[in-house]
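I opened the model and kept notes on what I looked up. The entries follow the order in which I checked things.

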Amino acid sequence: MLVLDDVSRRFNNKAAVSGVSLSIAGGSFVGVIGRSGAGKSTLLRMINRLVDPTSGSIRFDDVDVTRLDGRALRDWRARCAMIFQQFNLVGRLDVLTNVLMGRLNKVPTARSLLRLWSEEDRAIALSALEQFDIAGLAAQRADSLSGGQQQRVAIARALVQEPDAILADEPIASLDPRNTKVVMDALLRINRHYGITVICNLHSLDLARTYCDRLIGMSAGSVVFDGAPEMLTEDVARDLYGLEAGEALEAAPAREPRSAAVGPYAVAV
Amino acid sequence: MSESFSTSAGPSGRGRLSAAARADLAGLKARHPEAFRLSPRNRAMVILVPLAIIAVAFGAMVALDFSLIRILNGLSRLGRFAVLMMPPAPEGRFFVFLGALGETLGIAFLGTLTAALLAFPVAFLAARNVIPNIFVHFGTRRAFDVIRSVDTLIWALMWINVVGLGPFAGVLAMACSDFGSFGKLFSEAIEATDGKASEGIAASGGSRVHQVRFGLVPGVLPVIASQVLYYFETNTRSATIIGIVGAGGVGIYLTELIRVLELKQVAFLILMILVTVAIIDFISTRLRLAIIGNKKIV
């Protein structure tokens, strides 16, 4: 159980997240939706402590995440893996080593710095890659892969951390529709098969409805919607996104067929 | 990816991946043998490359007469030097030093500026994406290399023979060697721009000149400005050196004072240079960050 209690974050006196209180049950698949700048990324990054909250507290079971530092903080980060929009792999390292980065917290530093990975760690990494059909790419350099493949490598890296939760910050925003489905299916599979909590920032309402058990809508740093996907009516969506909601909910803009832009929130699947 | 999702998992899901991997260790090793061992070639590289580097370094030390004993013996002299430097004092020559320091700054400023102004147009000739003709851009590039390979100090010695002793020779020397460096850096910056903006201009009916002016220049100008400022920083430091061969600035005082062992004045002069360089660095770093919008440029 992840509990956020009145969490706020300010950047230069500008509130990115203000007064968010949530509790997220283990094993759920939570989608965080809202327009750009609503504070979704900051919220996720605070859970992983890439960003420190200005006030409030984050607890996971009996760990007070906001008070951790040093070794304990690194242990916590290993328990809540992060997946990024731009994948954040090490381009010049091969895929297997990238995935093994997920084991760093469990391997003695001297061994990992010399890249003396145990057979067991290699096996775990390969097993994770096999689950996403990319074990054959293990020896390739990460920057030679396509976006969809790179994101699957990133998910494999997250998986070998054997985390309690995976935080995905717009994992599909740079991918095409087919890879979007592959990556979202991979996240769903991890969630269902391993019981790992997934908290996923999404732009697309369609995807959020398809994959998530629960949606959290954010606007201007605050939670304005929290409920099951069925409860997200068009009115609520309009509040979240402003005028673009009507378009965001439809597959194609019906009234003005000649306007090419559907707005940044619609991802056609 | 289309296998059915089992919904049975609970908190026990943690550790399931490693358990499965352990159980399937033999299978994984059979399927991916190359992931479990270093290839002979890599193994050889890991051992041989560091060995070769150590061997060459050792050979160079022997050839260049390295001797720990000479360092230890000289250490006392270094200590005496340091004592003689205390306390740093201008001994009445503060304003002379200040004037010389101003001259050094002037050399660095004019030298950098001249080099940048001359190199900017020529750099386009050396950029592959502007001049596809290999003879032109290759030739320009090699010309830059030749000019660059001659050090500022050598240029200073040559210019002294042409225009006589003094800061003018210093400026010319600095402009020459930096012309080569800037040409290389600028043309690389121009080549590093992606062609999308230029393509947009071309697609709108723009000429080659339009493409360069509106597709390339706005993209490279911040990079180039930042490189010029960085060179001004380093040139402020290196302009102290070229005075040693008589091309103006504080260098001449430094050599003379060290020769006659006026070490208190030397120490004071070094402190003055230190302060000046720190101020220039501070201002220039601020400017550079402002120009490139706080983004790091390689």
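Entry 1. Helix pair in chain B.

I began with α5(B) and α10(B), which are roughly antiparallel to each other, because their axes cross at roughly 150° and angles over 145 degrees count as roughly antiparallel. I note here that the model is a predicted one. Helix α5 of chain B covers residues 94-125 and helix α10 of chain B covers residues 208-242. Their axes come within 9 Å. I checked the hand of the crossing of α5(B) and α10(B) and found it right-handed.

Which residues make the contact between these two helices? From α5(B) I listed T104(B), L105(B), I107(B), A108(B), F109(B), G111(B), T112(B), A116(B) and F124(B). From α10(B) I listed V212(B), V228(B), Y231(B), F232(B), N235(B), T236(B), A239(B) and T240(B). By class, the contact of α5(B) with α10(B) holds 11 nonpolar and six polar residues, with no charged ones.

Entry 2. Helix pair in chain A.

I then turned to helix α5 (residues 119-131) and helix α6 (residues 147-160) of chain A. They pack at an angle of about 135°, and their axes are 9 Å apart. α5(A) and α6(A) are therefore oblique to each other. The crossing of α5(A) and α6(A) is right-handed.

On the α5(A) side I found I124(A), A125(A), A128(A) and L129(A). They meet A156(A), L159(A) and V160(A) of α6(A). The contact of α5(A) with α6(A) has seven nonpolar residues, and neither polar nor charged ones.

Entry 3. Chain A overall.

I counted the elements next: chain A has 10 helices and 10 strands. The chain has 269 residues, and buried residues make up 45% of them. I also looked at contacts in chain A between residues at least 6 apart in sequence. Of these, 65% join residues at least 24 apart.

Entry 4. Four-stranded sheet of chain A.

What is the strand order of the open sheet of four strands? I read it as β2-β1-β4-β5 of chain A, with antiparallel pairing. The edge strands are β2 (14-24) and β5 (63-64) of chain A, and each pairs on one side only. Helix α1 of chain A, residues 40-47, packs on this sheet. α1 of chain A touches β1 (2-11), β2 and β4 of chain A. The direction of this helix makes about 60° with that of β2(A).

I followed the pairing strand by strand. β1(A) and β4(A) are antiparallel partners over five bridges. One of the residues I checked was D5(A), whose bridge partner in β4(A) is S57(A). Strand β4 (residues 55-60) of chain A pairs with β5(A) in the antiparallel sense over two bridges. R59(A) has D64(A) as its bridge partner in β5(A). F60(A) stands opposite V63(A) in β5(A). The hairpin of β4(A) and β5(A) has two residues between the strands. In that hairpin I noted D61(A), which takes a positive phi near 50°.

Entry 5. Six-stranded sheet of chain A.

I moved on to an open sheet of six strands in chain A. The order is β6-β7-β8-β3-β9-β10, and the pairing is mixed. Which strands lie at the edges? They are β6 (80-83) and β10 (222-227) of chain A, and each pairs on one side only. From one strand to the next, the twist in this sheet averages 20°.

At the β10(A) end, strand β9 (residues 214-219) of chain A and β10(A) pair in the antiparallel sense over five bridges. Here I looked up M218(A), and its bridge partner in β10(A) is V223(A).

Entry 6. Interface between the chains.

Last, I asked how many residues of chain B are in contact with chain A. The count is 23 residues of chain B against 29 residues of chain A. On the side of chain B that touches chain A, the elements giving two or more residues are α1 (16-23) and α2 (25-31) of chain B. α1(B) gives the most to that side, with six residues. By class, the chain B side that touches chain A divides into 11 nonpolar, seven polar and five charged residues.

How values were computed: Residues are numbered from 1 along each chain as its sequence is written. Chains are lettered from A and ligands numbered from 1 in the order in which they are written. This is a predicted model: local features need pLDDT of at least 70, side-chain atom pairs count only at pLDDT 80 or more; totals for chains, interfaces and linings use all residues. Two residues are in contact if their C-beta atoms, placed from the backbone, lie within 7 Å. Ala, Val, Leu, Ile, Met, Phe, Trp, Tyr, Cys and Pro count as nonpolar, Asp, Glu, Lys and Arg as charged, and the others, Gly among them, as polar. Axes are lines fitted to C-alpha atoms, for helices over the stretch in contact, and angles run from 0 to 180 degrees between N-to-C directions. Angles under 35 degrees count as roughly parallel, over 145 as roughly antiparallel, 65 to 115 as roughly perpendicular and the rest as oblique. A crossing is left-handed if the near helix is turned anticlockwise from the far one by less than a right angle, and right-handed if clockwise. Two strands pair if DSSP finds at least two bridges between them. A residue is buried if 20 or more other C-beta atoms lie within 10 Å of its own, exposed if 12 or fewer, and partly exposed in between; C-beta atoms are placed from the backbone.
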